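These are my notes on a first look through one protein model. I wrote down what I looked up, entry by entry.

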Amino acid sequence: MSVITINQVSKSFGDVTVLKEFTQEFQDGEFITFLGPSGCGKTTMLRIIAGFEKPTTGEVKIDGKVVSSAKVFVPPEKREIGMVFQSYAVWPHMNVFDNVAYPLKIKKVPKDEIRRRVEDILEVVHLDQYAERMPSQLSGGQQQRVALGRALVAEPKLLLLDEPLSNLDAKLRESMRYEIKEIQKKRKITVVYVTHDQVEAMTMSDRVFIINRGVIQQVGTPIEIYRHPANQFIADFVGKVNFLKGHAENGAIRIKGISQSLSYDGELTGDVVVAIRPENIKLTRTEGHLTGTLSSMFFLGDINDCTVDMGEVSLRVAAEPLSYDILETGNKIGLMISDFLVYPDDGRDDHNKILT
């Protein structure tokens, strides 16, 4: 059982506030991800939960017990947590077995119990055949699994992971994402995960917390976050998106810079920004909702990554891969748009651009 309750937590360093009134509850067995750009406050919140930082205001509870507040502070080693950092932080002079066993030795667990639990965890993280190897003989992914095993061997209530995959290459990151998720499901452990990588957040999480400048922007499942981003920042940060400035009135949005419009039955009027995901646009040789000229195509295997020029405005389109053999650059093309979102224009000057 591991329920984490965070109530009105703020954190300031001098005059700089990096977290503002963070209030949430994480349920037992949930996989929670803090997602946001560098410096947004996500790691600070993780360190407050872990006990490496004290909150300026507010309190943190683990299973109803206050571990951080104005009057109470429980040190990290007494919070029954496991932590995996961005750096592997494995002991270079210890083999895999001893690295993983280290937390149990510190607690003076009997030797037979240590061997049983370490062997069990090494099997879980697929390192049982490497027990006698030194860290210098391991790949980056294997070293990260050593760090994960060391965090799990003490059977913590809560597992905290601070960008643990950022030092791995793309293929290893992908395989480790699934391994961590499988371990979490098998051990039924509560996980709080910090990343700036939206793919990690989308593939691993039960709920995603989008944080920017110390403020929670949106909380939801990966599908909710992706399909219904609460604002332009989230639409931009999670996934690929085209932003078009326009003016909404009389059931249509007139796209600025071109003499074309989109039908619109929403509530907003006046200056707006239209957000369109590239996969929500289908190219057609017949007339579409919008028209333009196919200016570039790149075959990526699973998609045909296209750019359509409409004069002062361009759109990025994730077309079907077979279209690469059918279409030609320079051709006039129609664009059928299956879905789009509309936001009030916030005055940013980076719209009418392809954002990735």
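**Entry 1: contacts and overall layout**

I began with contacts, meaning heavy atoms within 4.5 Å. Among those between residues at least 6 apart in sequence, 67% join residues at least 24 apart. The model is predicted: local features need pLDDT of at least 70, side-chain atom pairs count only at pLDDT 80 or more, and totals for chains, interfaces and linings use all residues. Residues are numbered from 1 along each chain as its sequence is written, and side-chain values use heavy atoms, with hydrogens and water left out.

I looked up the secondary structure and found nine helices and 21 strands; these are DSSP runs numbered from the N terminus, helices being H or I of at least four residues and strands E of at least two. Along the principal axes, the C-alpha atoms fill a box of roughly 75 × 50 × 30 Å.

**Entry 2: surface and charge**

I noted that 49% of the 356 residues count as buried. Buried means under 20% relative accessible area, exposed over 50%, and partly exposed in between, with a 1.4 Å probe and protein chains only. I then looked up the charges: the mean positions of the 43 positive and 48 negative ones are 7 Å apart. Lys and Arg count as positive and Asp and Glu as negative, while His and the chain ends are not counted. Each charge is placed at NZ of Lys, CZ of Arg, CG of Asp or CD of Glu.

**Entry 3: nonpolar cores**

Which residues have the most contacts inside the largest nonpolar core? I found Val118, Leu122, Leu148, Leu159, Leu161, Ile180 and Tyr193, in a core of 37 residues. At least two residues of this core come from each of helix 2 (96-106), helix 3 (111-124), helix 4 (140-152), strand 7 (158-162), helix 5 (170-187) and strand 8 (190-195). A nonpolar core is a set of buried Ala, Val, Leu, Ile, Met, Phe, Trp, Tyr and Cys residues joined through side-chain atoms within 4.5 Å.

A second, separate core has 27 residues, among them Met297, Leu315, Ile333 and Leu335.

**Entry 4: aromatic pairs**

I found ten aromatic pairs. Rings of Phe, Tyr and Trp (its six-membered ring) pair if their centres lie within 6.5 Å; planes under 30 degrees apart count as stacked, over 60 as edge-to-face and the rest as tilted.

Phe22 and Phe209 are stacked, at 6.3 Å centre to centre and 15 degrees between the planes. Phe22 is in strand 2 (residues 16-26) and Phe209 in strand 9 (residues 207-212), 187 residues apart. Phe22 counts as buried because its relative accessibility is 2%, and Phe209 is buried at 0%.

Trp91 and Tyr102 have ring centres 5.5 Å apart and planes at 55 degrees, so I recorded this pair as tilted. Trp91 is partly exposed at 34%, as is Tyr102 at 30%.

**Entry 5: positive phi**

Most residues other than glycine have a negative phi. His126, in the loop between helix 3 and helix 4, has a positive phi of about 60 degrees. Arg213 has a phi near 55 degrees and counts as exposed at 68% relative accessibility.
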